[in-house]
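Please open the model in your viewer and keep the sequence panel beside it. The stops below say what to select next and what to look for there.

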Amino acid sequence: MTERFSGRTAVVTGGGSGIGLATVRRLASEGARVVVGDIDAGPGKAAADEVGGLFVQTDVTSPEQVEALFGAAVDTYGSVDVAFNNAGISPPDDDSILDTGLEPGGGCRRST
Ligand SMILES: NC(=O)c1ccc[n+]([C@@H]2O[C@H](COP(=O)([O-])OP(=O)(O)OC[C@H]3O[C@@H](n4cnc5c(N)ncnc54)[C@H](O)[C@@H]3O)[C@@H](O)[C@H]2O)c1
């Protein structure tokens, strides 16, 4: 690998499985320090341990837990350089990422 992410810190949500886990492994193989956020502590911690990273149990539907995830990344490694927001929710009335608010249940923040 080319170490393209050497010295960088990457946060991956849903990093315990599937696309997220593959991304955790790839970013680590490219030199990144990886912080795994996952709602499921078993596979999430296993993924972080596999790459010598940090696991923070996180439900991405909770703004407070997401803030804690990124805060832990900064506190531990000093920065967040890459954010792979892989675990996500798709409210029924979702329109665009630019219009989607933080509120659970599909609350949208529209500027018009
Ligand atoms: N696999 C596909 O073909 C495909 C296609 C389009 C979109 N996606 C999207 O990509 C993302 C990953 O897909 P995947 O196939 O790797 O899924 P997966 O089920 O293999 O992995 C999802 C991971 O996210 C975690 N997770 C679930 N809810 C969470 C929450 N609220 N907070 C934090 N972590 C949570 C799970 O514990 C799991 O580790 C999903 O958002 C999925 O909808 C997948």
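A residue is called buried here if 20 or more other C-beta atoms lie within 10 Å of its own, exposed if 12 or fewer do, and partly exposed in between, with C-beta atoms placed from the backbone. By that rule, buried residues make up 31% of the 112 residues in the protein chain. Please keep in mind that this is a predicted model, in which local features need pLDDT of at least 70 and side-chain atom pairs count only at pLDDT 80 or more, while totals for chains, interfaces and linings use all residues. Residues are numbered from 1 along each chain as its sequence is written.

**The whole chain**

Begin with the protein chain in cartoon view, where you will find three helices and four strands, arranged along the sequence in the pattern β-α-β-α-β-α-β. Helices (H or I, at least four residues) and strands (E, at least two) are DSSP runs, numbered from the N terminus.

Next, select the four strands, which form an open, parallel sheet in the order 3-2-1-4; two strands count as paired if DSSP finds at least two bridges between them. At the edges are strand 3 (54-57) and strand 4 (82-84), each of which pairs on one side only. Neighbouring strands of this sheet are turned by 15° against each other on average, direction ignored, where axes are lines fitted to C-alpha atoms, for helices over the stretch in contact, and angles run from 0 to 180 degrees between N-to-C directions.

Now select strand 1 (residues 9-13), which pairs with strand 4 in the parallel sense over three bridges; Val11, for instance, has Ala83 of strand 4 as its bridge partner. Strand 1 also runs parallel to strand 2, and five bridges join the two, with Thr9 partnered by Arg33 of strand 2.

Which way do the residues of strand 2 point? Arg33, Val35 and Gly37 point one way, Val34, Val36 and Asp38 point the other way, and all are buried. In a regular strand the side chains alternate between the two faces of the sheet.

Select helix 1 (residues 18-29), which lies across strand 1, strand 2 (33-38) and strand 4, running at about 170° to strand 1.

Centre the view on Val34, which, leaving aside its neighbours within four places in sequence, is in contact (C-beta atoms, placed from the backbone, within 7 Å) with residues including Ala10, Val24, Leu27 and Ala48.

**The ligand**

Move to the ligand and show the 18 residues around it, of which Gly14, Gly16, Ser17, Gly18 and Ile19 come nearest; a residue belongs here if its C-beta atom, placed from the backbone, lies within 6 Å of the molecule. The largest share of this shell, three residues, comes from helix 1.

**The start of the chain**

Finally, select Thr2, in the segment before strand 1. Is Thr2 buried or exposed? Thr2 counts as exposed because it has 8 C-beta neighbours inside 10 Å.

Note on methods. Two residues are in contact if their C-beta atoms, placed from the backbone, lie within 7 Å.
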